[in-house]
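Trainee: I am new to this one. Please show me how to read it.

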Amino acid sequence: MLKEPIQTVTIRTEQQLAEIAWFCDLCGGDTEFLGQLDPDRRSNWEHCRDILLTADRLGFHNILLPTSYVVGQEPISFASAIAPMTQNISLLVAIRTGEFHPPMLARAISTLDHMLEGRLTINIINSELPGYKESPDLRYKRCAETIQILKQSWTQDRIEFDGAVYGKLSLSTDPVKPYQQNGGPLLYFGGIADGAKEVCAEHCDVFLMWPEPEESLYATMQDVSARAARYGRTIDFGLRIHVVVRETEEEARAWTRRMMSKFDEQQAEALKHRTQDSRSLGVLRQDELRQTADNDGFIEPILWTGIGRARSGCGGALVGTPKQIIAQMYRYMDMGIRAFILSGYPLIEESEYFGKLVLPHLPNVRLADVQGRRPATTPATPLTYGELSY
């Protein structure tokens, strides 16, 4: 644990506040018992819709729509269907660079951004395309070029681009103008490799991390913040983490034991490795952390690593009382974290616990509002009342 007082890393959003987001089960895995397939909570339209609308009702300001080549919902398609049903929540849509030609990706994002009236954020994913084995050099070039083309789409009258992956492009940006202003939708990005940190530092807005001890998170934040400064930029930081909150600590810890009560090592490994990122550096790092845990799986007083035994990606959870969870989240905010993407199993039930016991006690904002991306009144674009051209 970091010693107090904690010195905040240099970040874009200096006020002590945070965007509190939930997670939607577009890639499957929602369950009552970790390591078990749950046919009553499959990743179909109805279940994912109910998760998202519950989070919207509870007051979460964002929700992650993940992507992977697994049984479940494709995020852009799902976002388009759910958008008219939402009231307040923003959608954090995961996009794997390379799956869409960047100008057409910009067009899809523009459509969504207008449907949601600016309640759209983008999670840029740099992983390999399903079915291919790709070099890191190709992936990072493709990722950076995609972001550069998107940013030209959102900030210029024309796309004028010449890159190693996408070649030469010269296009009007009228078909891809976003609803959001001052740079378009915020870009969230994660990864522990140097290439990932460099792409985020140069091009993105929020660097997402997975659970680690405070000292490790803080060191990563210092590193990425310094990289951003070399480009003359500041960025914010986010934490993707699970949560189990109950009225007492014993109740919270008892729920972790219950979740693991039907754990089957062989089946859990099969479920874990069905996704494209199961052997990424980030997942391997989550696996390493469990080697330092106590007999109950904790590596810090309320940071439990058991979830990583049964799923890929984020492998840790905050487990405790409302007071403990709130105090820890404020410690993370003291470090400079300004976005939390939370989840718990099962997703709907745990969102209700968090929404009742913790959410009302946090400085919950929408980062796009704080940073002036989402306009207070309808902007002039070709899809609203701006000049129409063909």
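Trainee: How many of the residues in the chain are buried?

Mentor: Buried means under 20% relative accessible area, with a 1.4 Å probe and protein chains only. Here 57% of the 390 residues in the chain are buried. Keep in mind that this is a predicted model: local features need pLDDT of at least 70, side-chain atom pairs count only at pLDDT 80 or more, and totals for chains, interfaces and linings use all residues. Residues are numbered from 1 along each chain as its sequence is written, and side-chain values use heavy atoms, leaving out hydrogens and water.

Trainee: What is the secondary structure of the chain?

Mentor: Helices (H or I, at least four residues) and strands (E, at least two) are DSSP runs, numbered from the N terminus. The chain has twelve helices and 13 strands. Its radius of gyration, taken over C-alpha atoms, is 20 Å, close to the 21 Å from the globule rule (2.2 Å times the number of residues to the power 0.38), so the chain is as compact as a globular protein of that length.

Trainee: Which residues does Glu-350 contact, leaving aside its neighbours within four places in sequence?

Mentor: Contact means heavy atoms within 4.5 Å. Among the partners of Glu-350 are Trp-22, Val-244, Trp-255 and Tyr-345. Glu-350 sits in helix α11, residues 347–357.

Trainee: Why does Glu-350 count as buried?

Mentor: Because its relative accessibility is 1%.

Trainee: Which side chain makes a polar contact with that of Glu-350?

Mentor: A polar contact is a pair of N or O atoms within 3.5 Å, one able to donate a hydrogen and the other to accept it; residues adjacent in sequence count only if both are side-chain atoms. The side chain of Arg-246 pairs with that of Glu-350 at 2.7 Å.

Definitions and conventions:
Buried < 20%, exposed > 50% of the residue type's maximum accessible area, 1.4 Å probe, protein only.
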